[in-house]
Amino acid sequence: MQASSVPSQSESHEKGISRPGPVLSVIIPCYNERGNVEPLFHAVEQALVHLDWELIFVDDASPDGTIDEVWRLAQADSRVRGILRVGRRGLSSAVIEGILSSSAPVVAVMDGDMQHDERLLGQMFDAIRHQGYDVAIGSRHVEGGDNSGLANWWRLFLSNAGIRIAQLCLPVKVSDPMSGFFAVRRDLFVRSVRDLSGTGFKILLDLLMVQKTAPRVIELPFVFRSRHEGESKMGRKVLIQFGQMIAHHMLKRKKTSLPTAAGCGKAG
């Protein structure tokens, strides 16, 4: 049996061989997603065969041992990393910590429940890295997209109502600003991070609302799939946090007198 010609990490360090970092970091905020960790890893692995990538799971101390499963995978494959957060919870803040731990020029965000189509990650990366876009959004509301995987009428209501409200407050026209599946230039995100509210579940909306000039955005269609394992975390608390985030940015704009394209709270 022929030995592998690929040097191990220890051999690379001993020989002074440097290995470049990933060009794409995929940030996965998670809570009680143990059963989805390995299937998601293998799905991303199959989807990104031509890219140097990494998965960064950010776990809010899940009682089901999600982080243990992440660490088990990380021992077998260095493309997997895990961040354990203790004493703090929240999707948006988890995404912020995950992105700030990355050095890749492009970062993507997706849920850990297998409802986002990992096959779109390559197109998102290409749109930002090679086509000059700042943000690439996986959209359920452009031609070819679908949100039939939403668990119930309450989630559908929250999504549709939130989109209508959010569209009044954005500096750029986006059909699905409530999407949790997107990619962004890391340098743009880092420049914006101090202005983010960091609350709630809608980090993309948070990011778009703080932009002082309209970013170049592309929306790519995807079909929102049914959950693979576990339970949805969506509830009335999400609606409250959404309102708090909108109010946070409206008050901040009022203090600084920054205009928006349509004027938040006005029909454009």
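Colleague: Is Glu33 buried or exposed?

Modeller: Before answering, I note that this is a predicted model, in which local features need pLDDT of at least 70, side-chain atom pairs count only at pLDDT 80 or more, and totals for chains, interfaces and linings use all residues. Residues are numbered from 1 along each chain as its sequence is written, and side-chain values use heavy atoms, with hydrogens and water left out. A residue is called buried under 20% relative accessible area, exposed over 50%, and partly exposed in between (1.4 Å probe, protein chains only). Glu33 counts as buried because its relative accessibility is 6%.

Colleague: Where does Glu33 lie, and which side chain does it join in a polar contact?

Modeller: Helices (H or I, at least four residues) and strands (E, at least two) are DSSP runs, numbered from the N terminus. Glu33 is in the loop between strand E1 (24–30) and helix H2 (34–47). A polar contact is a pair of N or O atoms within 3.5 Å; within protein, one must be able to donate a hydrogen and the other to accept it, and residues adjacent in sequence count only if both atoms are side-chain atoms. Here the side chains of Glu33 and Asn36 are joined at 2.5 Å.

Colleague: Which residues of H2 are buried, and what do they pack against?

Modeller: An α-helix has 3.6 residues a turn, so residues three or four places apart point the same way. In H2 the buried residues are Asn36, Val37, Leu40, Phe41, Ala43 and Val44. They pack against E1, strand E2 (53–59), helix H3 (66–76), strand E3 (80–84) and helix H5 (121–129).

Colleague: How should I read a salt bridge, and how many are there?

Modeller: The term denotes a side-chain nitrogen of Lys or Arg within 4 Å of a carboxyl oxygen of Asp or Glu. By this rule there are 15 salt bridges. One of them joins the side chains of Asp117 and Arg119 at 2.9 Å, N to O. Asp117 is buried, at 12% relative accessibility, whereas Arg119 is exposed, at 59%. Arg34, Glu38, Glu69 and Arg72 are linked in a network of such bridges.

Colleague: Where do Arg191 and Asp187 lie?

Modeller: Both are in helix H7 (residues 186–192), four residues apart, about one turn of the helix. Arg191 is exposed, at 57% relative accessibility, and Asp187 is partly exposed, with a relative accessible area of 37%.

Colleague: What does the salt bridge of Asp195 and Lys212 tie together?

Modeller: The closest N and O atoms of Asp195 and Lys212 are 3.5 Å apart. Asp195 lies in the loop between H7 and helix H8 (203–209) and Lys212 in the loop between H8 and strand E7 (217–221), so the pair ties together parts 17 residues apart in sequence.

Colleague: Which residues touch the most other members of the largest nonpolar core?

Modeller: In soluble globular proteins, nonpolar side chains tend to be buried together. A nonpolar core is a set of buried Ala, Val, Leu, Ile, Met, Phe, Trp, Tyr and Cys residues joined through side-chain atoms within 4.5 Å. In the largest, of 35 residues, those touching the most other members are Leu24, Val44, Leu55, Phe57, Met110, Leu121 and Met124. Apart from it lies another core, of 33 residues, among them Ala94, Ile163, Phe182 and Val210.

How values were computed: Contact means heavy atoms within 4.5 Å.
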